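Please keep both in view while reading the points below.

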Amino acid sequence: MDIQEFETLITNNIDEVIGSIINANPNLGIAVKRGERVGDGISKYLENKFVEMTHNHQYFKESLASPIGKTKNPFDIQTVFEYQGHRELIWIDFKAVNIENDDTNPDSGTPDKVITLMQSGFFYLAYTLVYYRGLDHGLEFVKHNDKFVKTYFLKNVNSSMRITPANQMQVNGFAEPEIRSREEFLDFLLKKKIESNERKLKKAAQELENFKTGILKQKTVGQGEITIEKLKLLNKEQEEKIKRL
């Protein structure tokens, strides 16, 4: 079977299950202010419903939601996609996007979790995006590009994805996926890792040079540059006040 055909079969079935959940209940009683993110509440709702909906599914077996209270779990849903005797472990990560935010860059987890998944003999970490807006009393799921839900694999993430200094992947919630082969993704991941560390090295080198010249904190909006000499003067003033007590 063609790899891309196999991947499309998986993502289409995820979309079908989540689409059925949304169609059955397009409104949720989760309070949300304009522009606010309430992804955790939406995710937990979808997790529980996915497990319920795939109890007797044609392809999805042994669906498991993330443990309650465990914020660093590598998946929201773990499920097995079974097709013609082949069992493929899938990790699903829900991303709820507030349609009223023009620019949203939700954390997509550490890239190391997909490395862990591959070391276990599997490959597919799926991002399932749903879109919503706040109502007077709750929220409603809405369409983006005529779709209530969009699922794609991390291997096809938009090339604008970056890895932060804290080793978290970030990509705009409205960025479209790009088709890659599995091997192309491995090269892409290495490239992003290199770029991230180059940025960290550049920043560290600049900070080191600042420290050598006595600058402890660079100039920011509303606040001037903070140097060791300024702090020494402030300290001297404070000590003089204490001595005059």
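The points that follow are grouped by topic, from the whole chain to individual residues.

The structure is a predicted model. Its chain contains 5 helices and 11 strands. The radius of gyration is 23 Å, whereas a compact globule of 245 residues would have a value near 18 Å.

**Overall dimensions and packing**

- The C-alpha trace spans about 80 × 45 × 30 Å along its principal axes.
- Of the 245 residues in the chain, 41% count as buried.
- The chain exposes about 14500 Å², and carbon and sulfur atoms supply 51% of that area.
- Considering contacts between residues at least 6 apart in sequence, 61% join residues at least 24 apart.
- The pair F122 and L233 gives a sense of distance within the model: these residues are 111 positions apart in sequence, and their C-alpha atoms are 60 Å apart in space.

**Nonpolar surface patch**

- F211, L216, I228, L231 and L234 make a nonpolar surface patch of about 430 Å².
- Helix α5, which covers residues 228–243, supplies the largest share of this patch, with 3 residues.
- L216 belongs to strand β10, residues 215–217.
- L216 has a relative accessible area of 43% and is therefore classed as partly exposed.

**Salt bridges**

- Side chains of opposite charge can pair when their charged atoms come close.
- The count of salt bridges in the model comes to 16.
- In helix α2, E52 and K49 lie 3 residues apart, about one turn of the helix. They form a salt bridge whose closest N and O atoms are 3.8 Å apart.
- Within that pair, E52 is exposed at 52% relative accessible area, while K49 is partly exposed at 28%.
- In helix α5, E240 and K243 are likewise 3 residues apart, about one turn of the helix. Their salt bridge has its closest N and O atoms 3.9 Å apart.
- E240 counts as partly exposed, with 32% relative accessibility, and K243 counts as exposed, with 61%.
- E178 forms a salt bridge with R180, the closest N and O atoms being separated by 3.7 Å.
- R180 counts as buried, because its relative accessibility is 10% and the limit for burial is under 20%.
- E62, E82 and R87 are linked in a network of salt bridges.

- S43 is located in helix α2, residues 39–53.
- With a relative accessibility of 8%, S43 counts as buried.
- The side chains of S43 and D76 are joined by a polar contact of 3.4 Å.
- Apart from neighbours within four places in sequence, S43 is in contact with D76 and F94.

**Loop residues with side-chain or backbone features**

- F122 sits in the loop between α3 (112–119) and β5 (124–135). At 24% relative accessibility, F122 counts as partly exposed.
- When residues up to four places away in sequence are not counted, F122 touches R87, E88, L89 and L117. One of these, R87, also takes part in the salt-bridge network with E62 and E82.
- N172 lies in the loop between β9 (169–170) and α4 (182–212). The relative accessible area of N172 is 18%, so this residue is classed as buried.
- The side chain of N172 reaches the backbone nitrogen of F174 at 2.8 Å.
- D146 occupies the loop between β6 (138–142) and β7 (149–153). D146 is exposed, with a relative accessible area of 62%.
- The phi angle of D146 is near 70°, a positive value in a residue other than glycine.
- N167 is placed in the loop between β8 (162–163) and β9. Its phi angle is near 65°, again a positive value in a residue other than glycine.

Technical notes
Residues are numbered from 1 along each chain as its sequence is written. Side-chain values use heavy atoms; hydrogens and water are left out. Patches are made of residues with over 30% relative accessible area and no salt bridge: like charges are joined within 9 Å, nonpolar side chains (Val, Leu, Ile, Met, Phe, Trp, Tyr) within 5 Å. Accessible areas come from the Shrake-Rupley method with a 1.4 Å probe; for residues, only the protein chains shown count as cover. A salt bridge is a side-chain nitrogen of Lys or Arg within 4 Å of a carboxyl oxygen of Asp or Glu. Helices (H or I, at least four residues) and strands (E, at least two) are DSSP runs, numbered from the N terminus. Buried means under 20% relative accessible area, exposed over 50%, partly exposed in between (1.4 Å probe, protein chains only). Contact means heavy atoms within 4.5 Å. A polar contact is a pair of N or O atoms within 3.5 Å; within protein, one must be able to donate a hydrogen and the other to accept it, and residues adjacent in sequence count only if both atoms are side-chain atoms. The radius of gyration is taken over C-alpha atoms; the globule rule is 2.2 Å times the number of residues to the power 0.38.
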